[in-house]
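Biologist: Hello! Could you show me how to read surface features in a model like this one?

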Amino acid sequence: MGSGNPDKPSVAHTIFILALVIASGIALSRIKIKGVSFGMTWILFTGIVAGHFLDAGSIHHDTLHFIKEFGLILFVFFIGLQVGPGFFSSLKSGGLKLIGYAAMIVFLGVITAYVIHLVTGEPLPTMVGVLSGAVTNTPGLGAAQQAFQDSATPEMAESLGDSISLGYAVAYPLG
């Protein structure tokens, strides 16, 4: 009765798995230990755990790609809605000085990540993920992943494909 290929994962199955990961992350986000909680970061952690235990062939690749891109778009949109109204008024009250500090922090972060790469030999894509996570820059993560996909050889993509997001996930809670 089913018309789909039994070897190919279905879109519905993929959405169900992603919904379970998100729901479990939201449930865990309500846990506080001594008044401290990781909040919505638990969704990131449950996604990492699920990604470790799930077979890559059990997820519909195109659906997963769409959800990643759409999620990033929604994230950036809602951050813009939250901070947008006060942007121009903050420029009048010392905002340019704060923008300069922010640029300096990013520049120092890039230098630090590159030095750590040189000293430890950690792959550069991993360090880019760590840099994005340390400053909690999710749009930077998306841009780094896209740049890596566009420029990486198939062999490099196979060996380092997840290292950007793993570096991000490790550094994000500390950021």
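Biologist: Why does Val 128 count as partly exposed?

Modeller: Buried means under 20% relative accessible area, exposed means over 50%, and partly exposed is in between, with a 1.4 Å probe and protein chains only. Val 128 counts as partly exposed because its relative accessibility is 32%. This is a predicted model, where local features need pLDDT of at least 70, side-chain atom pairs count only at pLDDT 80 or more, and totals for chains, interfaces and linings use all residues. Residues are numbered from 1 along each chain as its sequence is written, and side-chain values use heavy atoms, leaving out hydrogens and water.

Biologist: Which helix does Val 128 lie in?

Modeller: Val 128 lies in α5. Helices are DSSP runs (H or I, at least four residues), numbered from the N terminus.

Biologist: Which elements give two or more residues to the nonpolar patch?

Modeller: First, the idea: a patch is made of residues with over 30% relative accessible area and no salt bridge, and nonpolar side chains (Val, Leu, Ile, Met, Phe, Trp, Tyr) are joined within 5 Å. A salt bridge is a side-chain nitrogen of Lys or Arg within 4 Å of a carboxyl oxygen of Asp or Glu. Here the patch includes Tyr 101, Phe 107 and Val 128, and its residues together have about 1,200 Å² of accessible area, by the Shrake-Rupley method with a 1.4 Å probe. The contributing elements are α4 (87-120) and α5 (124-134). α4 gives the largest share, ten residues.

Methods: Patch = residues over 30% accessible without salt bridge, like charges linked within 9 Å, V, L, I, M, F, W, Y side chains within 5 Å.
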